[in-house]
Amino acid sequence: MAVLQQELMTLGEAADQLTRALPGHRVEILQGRLTVTPPPDGSHGLSLTKFCRALERAGIAGSGAEWIQGVGLWLPTLPADFAIPDLSIVDEDFRDAYVTKNYYAPNVFRLVVEITSSNWSDDLGPKVECYAQAGIPAYLVVDRKHDEVLLYTEPADGKYPDPQRFKRGQDVAVPESVGVRAELPVDTFLDG
């Protein structure tokens with residue numbers, strides 16, 4: 001009689017395996033739940049590009065901050081939790097806050113930006129909670145599902161207050177905590 005043995009793996013090992021198996025996808029662990037985000041579309045990428053250009057025009061170079069795409073954010077919510085925001089504005093010396101793999105401690109993150117895709121509910125639910133618990137000063141969600149931009153700021157006791165909501169025709173200003181002054185039209189964030 002043949003006996004099948006199943007190797008049990010940790011959530012982190014499963015995330016690593018999925019990352020290798022699904023190139024171009026973003027694998028994260030949020031509140032103990034493994035999530036996989038498909039590769040971004042062109043409008044998603046163009047929105048980030050235009051926002052980064054606005055940051056450059058605003059003088060982010062030399063401000064003590066840097067913008068970076070696809071860097072891991074270690075989350076203190078559960079031991080294996082981590083996120084990979086679409087875009088982060090971090091302290092210039094963020095590499096000194098290395099935790100493990102490609103993840104850095106949350107204290108060096110000034111702003112994280114997510115642009116929704118097919119799994120938009122993660123950006124509007126678990127990530128709001130995780131980023132607040134991690135003490136991220138500002139979280140910007142470009143909510144393409146509901147055609148608006150949300151800005152969460154100043155978390156207290158592991159929660160953000162209600163977000164500022166921006167509709168088409170309005171501009172979104174980068175919060176002061178980022179260290180540079182930049183604005184971008186909501187339409188540009190939503191459409192690329």
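Is helix α4 (residues 126-133) mostly covered or mostly open, and how many of its eight residues are buried? I began my notebook there, keeping in mind that this is a predicted model.

**Entry 1: helix α4**

I looked up α4 and found it mostly covered, with six of its eight residues buried. I wrote down the buried ones: P126, K127, V128, C130, Y131 and A132. A charged residue, K127, is on that list.

**Entry 2: the largest cavity**

I counted two cavities of 30 Å³ or more. The largest one holds about 40 Å³ of space. I listed its lining as F51, L111, L140, L151, V172, A173, V174, P175 and F189. Sorted by class, that lining has nine nonpolar residues, with no polar and no charged ones.

**Entry 3: the second largest cavity**

What kinds of residue line the second largest cavity? I found one nonpolar, three polar and six charged residues there. The space in this cavity also comes to about 40 Å³. Its lining is made of R26, E28, T37, E114, I115, S117, N119, D122, D123 and K127.

**Entry 4: the largest pocket**

I moved on to the open sites. The largest pocket has a volume of about 260 Å³. Its lining takes in 16 residues, and G24, R26, P40, H44 and D86 lie nearest the centre. I checked which element gives the most to this lining, and the answer is helix α2 (residues 42-57), with three residues. By class I noted six nonpolar, eight polar and two charged residues.

Which residues lie closest to the centre of the second largest pocket? This pocket has a volume of about 190 Å³. Of the 13 residues in its lining, I found T19, V27, F82, I84 and Y103 closest to the centre. The elements giving two or more residues are α1 (11-21) and β1. Helix α1 has the largest share, with four residues. My class tally for this lining reads five nonpolar, four polar and four charged.

Definitions and conventions
Residues are numbered from 1 along each chain as its sequence is written. This is a predicted model: local features need pLDDT of at least 70, side-chain atom pairs count only at pLDDT 80 or more; totals for chains, interfaces and linings use all residues. Side-chain values use heavy atoms; hydrogens and water are left out. Buried means under 20% relative accessible area, exposed over 50%, partly exposed in between (1.4 Å probe, protein chains only). On a 1 Å grid over the protein atoms alone, a cavity is a set of points where a 1.4 Å probe fits but cannot get out, and a pocket is an open set with protein on both sides within 12 Å along at least five of seven lines; lining residues have an atom within 4 Å of a point. Grid points are joined across faces, edges and corners, and a volume is the space filled by probe spheres set on the points.
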